[in-house]
Amino acid sequence: MRPSPRNDRRRIVTGEEKHARNLFRDGAAFSMSVARLEQLPVDEVPEIAFAGRSNVGKSSLLNALTTKDGLARTSNTPGRTQLLNLFPVGEPPLMRLVDMPGYGYAKAPKQVVEGWKRLVFDYLRGRRNLKRVMLLIDARRGPKPVDEEVMSLLDEAAVTYQLILTKADKIKKVETVQELAAEAVRKRPAAFPEVRATSAEKNLGIDMLRVEILDTAQN
Ligand SMILES: Nc1nc2c(ncn2[C@@H]2O[C@H](COP(=O)(O)OP(=O)(O)OP(=O)(O)O)[C@@H](O)[C@H]2O)c(=O)[nH]1
Ligand SMILES: [Mg+2]
């Protein structure tokens, strides 16, 4: 059966999933926020970045993955996350999860929006130890032109990315959106072909995503 958030709850949690859950739960901590790339640590720890439009649910997904509600700050108001926030997992760190400011939020002052976008795009394009980008897409809306812009940038920079649908609890036919999103990346060279559906609110698709993130960081 195709993995879908609808049957996720009835799935038997595998040993791998338990291991990943314990690691993310016990081993994730906040380390630092940076406004400029020069402030990032210089080392070989693999990073997995969470990117996407404002309010898509990046910080909420990070909290669901680490099972820590307040680890990354979330809000109803777009523009909550304004810096790159690093969350190392494991001691010594096996990887870092990176919560990013959202892009595509038109209501903030133009200069501010441009500043966030530049920070996000520069990081995505230039970070050597960036292993994969989780590109979050609202399941109700599908990919937007600004998401396509990010995909093109990642294709050009040869940084692997994966589309993750968020807020899957808000729609009935998540499989249809999943297929449309998979079609949108089919010809994109750096895109991982499978699109995952998640809900941070209902904890759907989270167990599997942890295992995938861990595999990515370790390979
Ligand atoms: N129903 C539902 N709501 C969600 C889900 N994930 C996030 N939300 C809500 O969406 C809003 C935005 O969530 P955030 O996690 O702050 O979004 P973000 O992408 O980090 O936003 P910025 O930092 O502003 O770019 C909050 O009100 C969350 O409660 C989900 O899976 N289901
Ligand atoms: Mg955020």
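This is a predicted model: local features need pLDDT of at least 70, side-chain atom pairs count only at pLDDT 80 or more; totals for chains, interfaces and linings use all residues.
Leu23 counts as partly exposed, because 17 other C-beta atoms lie within 10 Å, whereas a buried residue would need 20 or more. If we set aside its neighbours within four places in sequence, Leu23 is in contact with Val89, Gly90 and Leu214. As for Ser199, it is 176 residues away from Leu23 in sequence, and the two are 20 Å apart in space, C-alpha to C-alpha.

Let me turn to the sheet. It is an open sheet of 7 strands with mixed pairing, and the order runs β1-β3-β4-β2-β5-β6-β7. At the edges stand β1, residues 32-34, and β7, residues 196-197, each with a single partner strand, so that one side of each has no neighbour in the sheet. Further in, strand β5, residues 130-138, pairs with strand β6, residues 161-166, in the parallel sense over 6 bridges, and Ile137 stands opposite Leu165 in β6. Helix α6, residues 174-185, packs on the sheet and touches β5, β6 and β7, its direction making about 155 degrees with that of β6.

Finally, the ligand. Which residues are the closest to ligand 1? Among the 24 residues that surround ligand 1, the closest are Gly57, Ser60, Thr74, Thr81 and Gly102. The largest share of this shell, 3 residues, comes from helix α3, residues 58-66, and the shell as a whole divides into 4 nonpolar, 14 polar and 6 charged residues.

Conventions: Residues are numbered from 1 along each chain as its sequence is written. Chains are lettered from A and ligands numbered from 1 in the order in which they are written. A residue is near a molecule or strand if its C-beta atom, placed from the backbone, lies within 6 Å of it. Helices (H or I, at least four residues) and strands (E, at least two) are DSSP runs, numbered from the N terminus. Ala, Val, Leu, Ile, Met, Phe, Trp, Tyr, Cys and Pro count as nonpolar, Asp, Glu, Lys and Arg as charged, and the others, Gly among them, as polar. Two strands pair if DSSP finds at least two bridges between them. Two residues are in contact if their C-beta atoms, placed from the backbone, lie within 7 Å. Axes are lines fitted to C-alpha atoms, for helices over the stretch in contact, and angles run from 0 to 180 degrees between N-to-C directions. A residue is buried if 20 or more other C-beta atoms lie within 10 Å of its own, exposed if 12 or fewer, and partly exposed in between; C-beta atoms are placed from the backbone.
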